[in-house]
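We will go from stop to stop, picking residues by number.

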Amino acid sequence: MDNRYIGKVIEEMTPFLDENGFKKIAENEYESEKCKVKVEYSDERQMYTLSKAEEGGEYKELSAWLFDDSQLERDAASVGIDFTETLSESLGVKKNTRAAAVVDMPTANKDGADIATFAKRVLDVYPQFKEHYREHIGKYGNFLYLNFFGETLVPELRATLESGDKKAIKKIFTVFESTYITGDKDTVNAMLASIAAAVCNNEKAQKNLAVTLENNDHMLKSVMALSERIKTNKKLTEALIKK
């Protein structure tokens, strides 16, 4: 259970809640003239969640952050900052400190096949990239997913594989191996290209990848073949490997 930092999440949200007339009505639950909000931790999902209920309505989830026992209090502060931003957007409250356009986070499809589903799952594992996602969409107007993953997922994954941290590796590869089965062609190709870029010209990362995928030889061979292709493909290199 990782509910021990929920106080830090609430602490980050409190100034905004106070400024906008929210009063505490229960543990981690607040109400204003417009709506109610609550923050919870789900043991089953290993996530902090922010939910909102309009007057007389039922709670609906606005945002969720993957959070397990490998994360620290400073990570909980990031959760609170994100939840504050999400609630601000939901209420239509403009904040002068943020210039980025209001951008919805990607949502999962029921069949788990498309790039938006994959992006959401990646952001659940690496919620620190949510703000980067907003800025990316605000800048380009569309999701240029290879560029986005090249700027965020690839360097993070490279560092994770280099570290050999089995728990961190398992967390993201659970997403990868599931996507490899359920994803559509474009999504699977984008995912494999991201992994390939992360291990490109990196012997240590490649060795740890081989261990991670020792029971998924087909996926491993696909990644390594793509890694060789990236070395000679200028367009893929520019999109996925940032200096």
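Is aspartate 217 buried, partly exposed or exposed? Select aspartate 217: with a relative accessibility of 42%, this residue counts as partly exposed. The cut-offs are under 20% relative accessible area for buried and over 50% for exposed, with partly exposed in between (1.4 Å probe, protein chains only).

Before moving on, note that this is a predicted model, where local features need pLDDT of at least 70 and side-chain atom pairs count only at pLDDT 80 or more, while totals for chains, interfaces and linings use all residues. Residues are numbered from 1 along each chain as its sequence is written, and side-chain values use heavy atoms, with hydrogens and water left out.

**Stop 1: helix H10**

A salt bridge here is a side-chain nitrogen of Lys or Arg within 4 Å of a carboxyl oxygen of Asp or Glu. Both residues sit in helix H10 (residues 217-232), four residues apart, about one turn of the helix. Helices (H or I, at least four residues) and strands (E, at least two) are DSSP runs, numbered from the N terminus. Lysine 221 is exposed, at 56%.

Next, select Asp82, Glu89, Lys130, Glu131 and Arg134. Salt bridges with shared partners join them into one network. The whole structure holds 13 salt bridges.

**Stop 2**

Strand S1 (residues 23-26) and strand S2 (residues 29-31) pair in the antiparallel sense, over three bridges. Strands count as paired if DSSP finds at least two bridges between them. Look across from lysine 24: its bridge partner in S2 is tyrosine 30.

Glutamate 27 makes a salt bridge to lysine 24 (3.8 Å, N to O). Glutamate 27 is exposed, at 61%, and lysine 24 is exposed too, at 51%.

Most residues other than glycine have a negative phi. Asparagine 28 counts as buried, at 13% relative accessibility.

**Stop 3: from S3 to S4**

Go to glutamine 46, in the loop between strand S3 (35-42) and strand S4 (47-54). Its phi is also positive, near 55 degrees. Glutamine 46 is partly exposed, at 38%.

Finish with lysine 52 and glutamate 54. Their side chains meet in a salt bridge (3.0 Å, N to O). Lysine 52 is buried, at 9%, whereas glutamate 54 is partly exposed, at 46%.
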